[in-house]
Amino acid sequence: MSTNSLVARAPAKINLALHVGPTRADGFHELATVYQAVDVYDEVRATRRDDGRVSVQTLDRAGVAPVVGVGDDVHHLAVRAAQTLRRRCDVRSGADLQVRKDIPVAAGLAGGSADAAATLVACNALWELGLDGRALLDVAAGIGSDVPFALVGATALGTGRGERVEPLVEVARSTWVLVTSSPGLSTPAVYARADAMRAGQTQPAPRVADELLAAVRSGDAGRLAAGLHNDLQPAAIELRPGLADVLAAGAAAGATAGLISGSGPTVLLLVRDDSHAAAVAATVAPVARAALGEAALRTAHGPVPGAALVSDAPQGQLPGH
Ligand code: C5P
(Lines give C-alpha, C1' and ligand atoms only; values in the text may rest on other atoms or scores of the structure.)
Protein backbone atom coordinates (compact mmCIF):
# COMPACT_ATOMS: atom_id res chain seq x y z
CA MET A 1 0.00 0.00 0.00
CA SER A 2 1.38 3.43 -0.80
CA THR A 3 1.78 5.91 2.01
CA ASN A 4 1.41 9.68 2.00
CA SER A 5 3.95 10.59 4.62
CA LEU A 6 7.33 9.14 5.62
CA VAL A 7 10.11 10.08 8.00
CA ALA A 8 13.83 9.52 7.49
CA ARG A 9 16.75 10.66 9.57
CA ALA A 10 20.43 11.17 8.87
CA PRO A 11 23.41 11.67 11.19
CA ALA A 12 25.89 14.50 11.63
CA LYS A 13 29.45 13.84 10.47
CA ILE A 14 32.79 14.64 11.93
CA ASN A 15 36.14 14.40 10.15
CA LEU A 16 38.78 12.34 11.97
CA ALA A 17 41.15 13.58 9.29
CA LEU A 18 40.71 16.27 6.66
CA HIS A 19 43.61 16.75 4.26
CA VAL A 20 43.04 19.53 1.75
CA GLY A 21 44.97 19.37 -1.50
CA PRO A 22 45.20 21.74 -4.44
CA THR A 23 42.26 23.65 -5.89
CA ARG A 24 40.84 21.90 -8.95
CA ALA A 25 39.67 23.43 -12.20
CA ASP A 26 36.06 23.30 -10.91
CA GLY A 27 37.00 25.41 -7.87
CA PHE A 28 36.71 22.56 -5.37
CA HIS A 29 39.67 21.23 -3.43
CA GLU A 30 40.94 17.71 -3.80
CA LEU A 31 40.40 16.04 -0.41
CA ALA A 32 41.45 12.98 1.51
CA THR A 33 39.27 12.64 4.59
CA VAL A 34 38.09 10.11 7.12
CA TYR A 35 34.44 10.73 7.89
CA GLN A 36 32.65 9.38 10.92
CA ALA A 37 28.90 9.60 11.54
CA VAL A 38 27.88 10.46 15.11
CA ASP A 39 24.59 10.09 16.96
CA VAL A 40 23.18 13.56 16.40
CA TYR A 41 20.40 13.47 13.83
CA ASP A 42 18.21 15.62 11.64
CA GLU A 43 14.84 14.17 10.73
CA VAL A 44 12.86 14.85 7.56
CA ARG A 45 9.17 14.11 7.11
CA ALA A 46 8.16 14.01 3.45
CA THR A 47 4.44 14.30 2.69
CA ARG A 48 3.15 13.74 -0.83
CA ARG A 49 1.80 16.69 -2.84
CA ASP A 50 -0.07 16.15 -6.05
CA ASP A 51 0.82 19.46 -7.69
CA GLY A 52 4.48 18.53 -8.25
CA ARG A 53 5.82 21.30 -6.00
CA VAL A 54 8.38 20.90 -3.24
CA SER A 55 8.19 23.02 -0.09
CA VAL A 56 10.27 23.00 3.07
CA GLN A 57 9.77 24.04 6.66
CA THR A 58 12.73 23.84 9.04
CA LEU A 59 12.04 23.52 12.74
CA ASP A 60 14.06 22.85 15.86
CA ARG A 61 14.40 19.36 17.30
CA ALA A 62 11.09 19.60 19.13
CA GLY A 63 9.32 20.65 15.94
CA VAL A 64 8.23 23.96 17.47
CA ALA A 65 10.46 26.94 16.61
CA PRO A 66 11.58 27.80 13.07
CA VAL A 67 15.32 27.50 12.45
CA VAL A 68 17.02 30.35 10.61
CA GLY A 69 20.09 30.31 8.37
CA VAL A 70 19.30 27.14 6.43
CA GLY A 71 18.52 28.79 3.09
CA ASP A 72 15.19 29.52 1.45
CA ASP A 73 13.16 27.03 -0.57
CA VAL A 74 15.52 27.17 -3.54
CA HIS A 75 18.82 26.91 -1.69
CA HIS A 76 17.79 24.46 1.02
CA LEU A 77 19.70 21.23 0.40
CA ALA A 78 16.62 19.16 1.24
CA VAL A 79 14.69 20.89 -1.55
CA ARG A 80 17.59 20.45 -3.95
CA ALA A 81 17.66 16.75 -3.09
CA ALA A 82 13.93 16.29 -3.72
CA GLN A 83 14.02 18.30 -6.94
CA THR A 84 17.05 16.41 -8.24
CA LEU A 85 15.32 13.11 -7.56
CA ARG A 86 12.11 14.30 -9.28
CA ARG A 87 13.96 15.34 -12.41
CA ARG A 88 16.10 12.23 -12.52
CA CYS A 89 13.13 9.87 -12.19
CA ASP A 90 10.43 11.91 -13.98
CA VAL A 91 8.30 12.09 -10.85
CA ARG A 92 4.95 13.90 -11.17
CA SER A 93 4.27 14.20 -7.43
CA GLY A 94 5.86 16.78 -5.19
CA ALA A 95 6.48 16.83 -1.46
CA ASP A 96 6.12 18.99 1.60
CA LEU A 97 9.31 18.54 3.60
CA GLN A 98 9.42 19.18 7.31
CA VAL A 99 12.97 19.17 8.66
CA ARG A 100 13.53 18.80 12.40
CA LYS A 101 17.05 19.93 13.12
CA ASP A 102 19.19 18.72 15.95
CA ILE A 103 22.42 19.24 13.99
CA PRO A 104 23.54 22.86 14.39
CA VAL A 105 23.59 24.98 11.21
CA ALA A 106 26.96 25.93 9.61
CA ALA A 107 28.82 24.00 12.32
CA GLY A 108 31.16 21.80 10.28
CA LEU A 109 28.88 18.84 11.04
CA ALA A 110 27.27 18.58 7.57
CA GLY A 111 23.75 19.21 8.82
CA GLY A 112 22.55 20.42 5.41
CA SER A 113 24.00 17.28 3.82
CA ALA A 114 22.18 15.15 6.41
CA ASP A 115 18.92 16.89 5.46
CA ALA A 116 19.58 16.15 1.79
CA ALA A 117 20.43 12.50 2.47
CA ALA A 118 17.34 11.97 4.66
CA THR A 119 15.22 13.60 1.96
CA LEU A 120 16.61 11.28 -0.72
CA VAL A 121 15.78 8.24 1.41
CA ALA A 122 12.30 9.53 2.33
CA CYS A 123 11.34 10.60 -1.20
CA ASN A 124 12.74 7.44 -2.80
CA ALA A 125 10.27 5.52 -0.63
CA LEU A 126 7.41 8.06 -0.77
CA TRP A 127 7.45 8.17 -4.57
CA GLU A 128 8.14 4.41 -4.76
CA LEU A 129 11.15 4.93 -7.03
CA GLY A 130 13.03 1.84 -5.93
CA LEU A 131 16.49 3.39 -6.46
CA ASP A 132 19.20 1.24 -4.90
CA GLY A 133 22.05 2.51 -2.74
CA ARG A 134 24.40 3.01 -5.67
CA ALA A 135 21.86 5.10 -7.62
CA LEU A 136 21.12 7.23 -4.54
CA LEU A 137 24.86 7.81 -4.04
CA ASP A 138 25.08 9.05 -7.59
CA VAL A 139 22.25 11.54 -7.03
CA ALA A 140 23.76 12.55 -3.68
CA ALA A 141 27.14 13.41 -5.22
CA GLY A 142 25.47 16.01 -7.43
CA ILE A 143 23.94 17.77 -4.43
CA GLY A 144 26.98 18.32 -2.21
CA SER A 145 30.37 16.90 -1.33
CA ASP A 146 29.27 15.45 2.03
CA VAL A 147 25.86 14.08 0.95
CA PRO A 148 27.08 10.63 -0.18
CA PHE A 149 28.69 10.10 3.21
CA ALA A 150 25.47 11.09 5.00
CA LEU A 151 23.82 8.23 3.10
CA VAL A 152 26.39 5.56 3.98
CA GLY A 153 27.34 6.71 7.49
CA ALA A 154 29.60 4.71 9.84
CA THR A 155 33.28 5.47 9.09
CA ALA A 156 34.52 6.01 5.55
CA LEU A 157 37.42 7.30 3.56
CA GLY A 158 36.39 10.24 1.38
CA THR A 159 38.28 11.28 -1.74
CA GLY A 160 37.69 13.46 -4.80
CA ARG A 161 35.93 16.55 -3.47
CA GLY A 162 34.73 14.31 -0.61
CA GLU A 163 31.94 12.67 -2.59
CA ARG A 164 33.70 9.37 -3.29
CA VAL A 165 33.24 7.27 -0.17
CA GLU A 166 34.74 3.94 0.74
CA PRO A 167 33.54 2.36 4.00
CA LEU A 168 36.20 1.50 6.60
CA VAL A 169 35.68 -1.45 8.85
CA GLU A 170 36.23 -0.84 12.53
CA VAL A 171 34.85 -2.06 15.78
CA ALA A 172 35.54 0.63 18.38
CA ARG A 173 33.01 3.21 19.38
CA SER A 174 34.40 6.67 20.02
CA THR A 175 32.99 9.19 22.45
CA TRP A 176 33.26 12.94 21.91
CA VAL A 177 32.38 16.19 23.59
CA LEU A 178 31.02 18.42 20.83
CA VAL A 179 31.44 22.11 21.56
CA THR A 180 29.06 23.86 19.18
CA SER A 181 28.77 27.62 18.92
CA SER A 182 27.06 30.30 16.94
CA PRO A 183 27.31 32.07 14.65
CA GLY A 184 28.47 29.31 12.32
CA LEU A 185 31.33 29.61 9.85
CA SER A 186 30.81 29.72 6.09
CA THR A 187 32.49 26.72 4.46
CA PRO A 188 33.61 28.65 1.34
CA ALA A 189 35.03 31.41 3.58
CA VAL A 190 37.08 28.90 5.57
CA TYR A 191 38.44 27.24 2.42
CA ALA A 192 39.28 30.69 1.01
CA ARG A 193 41.13 31.62 4.20
CA ALA A 194 43.03 28.33 4.12
CA ASP A 195 44.04 29.07 0.51
CA ALA A 196 45.21 32.56 1.49
CA MET A 197 47.25 31.17 4.38
CA ARG A 198 48.92 28.65 2.07
CA ALA A 199 49.42 31.04 -0.85
CA GLY A 200 52.69 30.48 -2.69
CA GLN A 201 53.07 26.90 -1.45
CA THR A 202 52.63 23.95 -3.75
CA GLN A 203 50.09 21.55 -2.32
CA PRO A 204 50.86 17.86 -2.59
CA ALA A 205 48.08 15.37 -3.38
CA PRO A 206 46.15 14.92 -0.10
CA ARG A 207 46.60 11.65 1.73
CA VAL A 208 45.25 10.23 4.99
CA ALA A 209 48.06 9.09 7.29
CA ASP A 210 48.55 5.33 7.52
CA GLU A 211 48.75 5.81 11.28
CA LEU A 212 45.11 6.97 11.40
CA LEU A 213 43.86 4.21 9.12
CA ALA A 214 45.66 1.66 11.29
CA ALA A 215 44.14 3.25 14.41
CA VAL A 216 40.64 3.13 12.90
CA ARG A 217 41.09 -0.49 11.84
CA SER A 218 42.53 -1.48 15.23
CA GLY A 219 39.18 -0.76 16.82
CA ASP A 220 40.98 1.04 19.66
CA ALA A 221 39.42 4.51 19.98
CA GLY A 222 42.29 5.70 22.17
CA ARG A 223 44.72 5.18 19.29
CA LEU A 224 42.79 7.70 17.16
CA ALA A 225 44.31 10.53 19.17
CA ALA A 226 47.66 10.34 17.42
CA GLY A 227 46.19 10.51 13.92
CA LEU A 228 43.48 13.19 14.16
CA HIS A 229 44.19 16.04 11.73
CA ASN A 230 42.39 18.93 10.04
CA ASP A 231 44.04 21.15 7.40
CA LEU A 232 41.18 23.68 7.78
CA GLN A 233 41.81 24.13 11.50
CA PRO A 234 44.30 27.04 11.26
CA ALA A 235 41.90 28.94 8.97
CA ALA A 236 38.91 28.31 11.25
CA ILE A 237 40.95 29.52 14.24
CA GLU A 238 42.08 32.62 12.39
CA LEU A 239 38.43 33.44 11.63
CA ARG A 240 37.29 32.56 15.18
CA PRO A 241 40.28 32.92 17.55
CA GLY A 242 38.28 31.78 20.60
CA LEU A 243 38.37 28.25 19.18
CA ALA A 244 42.03 28.00 20.23
CA ASP A 245 41.02 28.72 23.84
CA VAL A 246 38.45 25.91 23.72
CA LEU A 247 41.00 23.44 22.30
CA ALA A 248 43.48 24.46 25.02
CA ALA A 249 40.80 24.09 27.69
CA GLY A 250 39.97 20.61 26.37
CA ALA A 251 43.61 19.56 26.63
CA ALA A 252 43.91 21.05 30.11
CA ALA A 253 40.72 19.28 31.18
CA GLY A 254 42.23 15.91 30.23
CA ALA A 255 40.53 15.23 26.87
CA THR A 256 42.40 12.52 24.98
CA ALA A 257 42.67 14.79 21.92
CA GLY A 258 40.90 17.72 20.28
CA LEU A 259 40.35 19.19 16.83
CA ILE A 260 37.97 21.30 14.78
CA SER A 261 35.28 19.46 12.82
CA GLY A 262 35.37 20.15 9.07
CA SER A 263 35.27 23.89 8.42
CA GLY A 264 34.22 24.55 12.03
CA PRO A 265 33.35 26.10 14.35
CA THR A 266 32.46 22.88 16.22
CA VAL A 267 35.29 21.66 18.46
CA LEU A 268 35.60 17.89 18.92
CA LEU A 269 37.13 16.60 22.14
CA LEU A 270 37.90 12.88 22.16
CA VAL A 271 37.15 11.31 25.54
CA ARG A 272 37.19 7.80 26.99
CA ASP A 273 33.53 7.39 27.87
CA ASP A 274 30.40 9.24 29.00
CA SER A 275 31.63 9.97 32.51
CA HIS A 276 34.93 11.33 31.14
CA ALA A 277 32.81 13.41 28.73
CA ALA A 278 30.80 14.87 31.61
CA ALA A 279 33.95 15.80 33.54
CA VAL A 280 35.65 17.39 30.50
CA ALA A 281 32.48 19.26 29.49
CA ALA A 282 32.00 20.70 32.99
CA THR A 283 35.51 22.19 32.90
CA VAL A 284 35.42 23.38 29.29
CA ALA A 285 31.89 24.89 29.31
CA PRO A 286 32.73 28.18 31.09
CA VAL A 287 35.83 28.69 28.91
CA ALA A 288 33.79 28.02 25.76
CA ARG A 289 31.13 30.52 26.80
CA ALA A 290 33.72 33.14 27.68
CA ALA A 291 35.64 32.59 24.42
CA LEU A 292 32.77 32.10 21.99
CA GLY A 293 29.68 33.60 23.55
CA GLU A 294 26.90 31.24 22.56
CA ALA A 295 28.30 27.75 23.04
CA ALA A 296 26.67 24.43 23.83
CA LEU A 297 28.34 21.18 24.87
CA ARG A 298 26.99 17.71 24.29
CA THR A 299 28.26 14.16 24.20
CA ALA A 300 28.19 12.26 20.91
CA HIS A 301 29.19 8.75 19.90
CA GLY A 302 30.41 7.33 16.66
CA PRO A 303 30.12 5.51 14.43
CA VAL A 304 26.41 5.21 13.60
CA PRO A 305 24.69 4.14 10.36
CA GLY A 306 23.76 6.60 7.61
CA ALA A 307 20.39 7.92 6.46
CA ALA A 308 17.44 5.58 6.99
CA LEU A 309 13.68 5.54 7.26
CA VAL A 310 12.35 5.67 10.78
CA SER A 311 9.03 4.34 11.99
CA ASP A 312 6.21 6.75 11.43
CA ALA A 313 5.14 6.97 15.06
CA PRO A 314 2.31 9.55 14.84
CA GLN A 315 0.43 7.43 12.34
CA GLY A 316 1.39 4.17 14.02
CA GLN A 317 2.68 2.59 10.84
CA LEU A 318 6.04 1.43 9.62
CA PRO A 319 7.43 3.04 6.47
CA GLY A 320 6.86 1.04 3.34
CA HIS A 321 3.97 -0.95 4.84
O1 C5P B 1 30.08 20.55 -1.92
P2 C5P B 1 29.58 21.61 -1.03
O3 C5P B 1 28.43 22.37 -1.64
O4 C5P B 1 29.25 21.12 0.34
O5 C5P B 1 30.75 22.65 -0.84
C6 C5P B 1 30.55 23.90 -0.24
C7 C5P B 1 31.74 24.80 -0.51
O8 C5P B 1 32.89 24.30 0.20
C9 C5P B 1 32.17 24.87 -1.94
O10 C5P B 1 31.47 25.87 -2.63
C11 C5P B 1 33.65 25.23 -1.81
O12 C5P B 1 33.82 26.59 -1.52
C13 C5P B 1 34.07 24.45 -0.57
N14 C5P B 1 34.62 23.13 -0.88
C15 C5P B 1 35.84 23.03 -1.50
N16 C5P B 1 36.37 21.80 -1.78
C17 C5P B 1 35.72 20.68 -1.43
C18 C5P B 1 34.47 20.75 -0.79
C19 C5P B 1 33.95 22.00 -0.51
O20 C5P B 1 36.48 24.05 -1.82
N21 C5P B 1 36.26 19.49 -1.70
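Two strands are taken to pair if DSSP finds at least two bridges between them. Strands (E, at least two residues) and helices (H or I, at least four) are DSSP runs, numbered from the N terminus. The model is predicted: local features need pLDDT of at least 70, side-chain atom pairs count only at pLDDT 80 or more, and totals for chains, interfaces and linings use all residues. Residues are numbered from 1 along each chain as its sequence is written, and side-chain values use heavy atoms, with hydrogens and water left out.

Strand β4 (residues 94–101) pairs with two strands. Strand β2 (residues 29–49) runs antiparallel to β4 and is joined to it by seven bridges. Here Ala46 stands opposite Leu97 of β4. Strand β3 (residues 54–60) runs parallel to β4, also through seven bridges. Thr58 has Val99 in β4 as its bridge partner.

The residues around the ligand (a heavy atom within 4 Å) include Phe28, His29, Ser145, Arg161 and Tyr191. By class, this shell has four nonpolar, five polar and one charged residues. Helix α5 (187–197) supplies the largest share, three residues. Strand β2 also supplies at least two.

Polar contacts are pairs of N or O atoms within 3.5 Å. An N or O atom in the side chain of His29 lies 2.7 Å from an oxygen atom of the ligand. For a polar side-chain atom of Ser145, the distance to a ligand oxygen atom is 2.5 Å. A backbone N or O atom of Arg161 is 3.0 Å from a ligand nitrogen atom. Alone, the ligand exposes 450 Å² (Shrake-Rupley method, 1.4 Å probe), and the protein buries 73% of that.

Key: Polar contact = N/O pair within 3.5 Å; in protein donor to acceptor, adjacent residues only side chain to side chain. Nonpolar A, V, L, I, M, F, W, Y, C, P; charged D, E, K, R; others polar.
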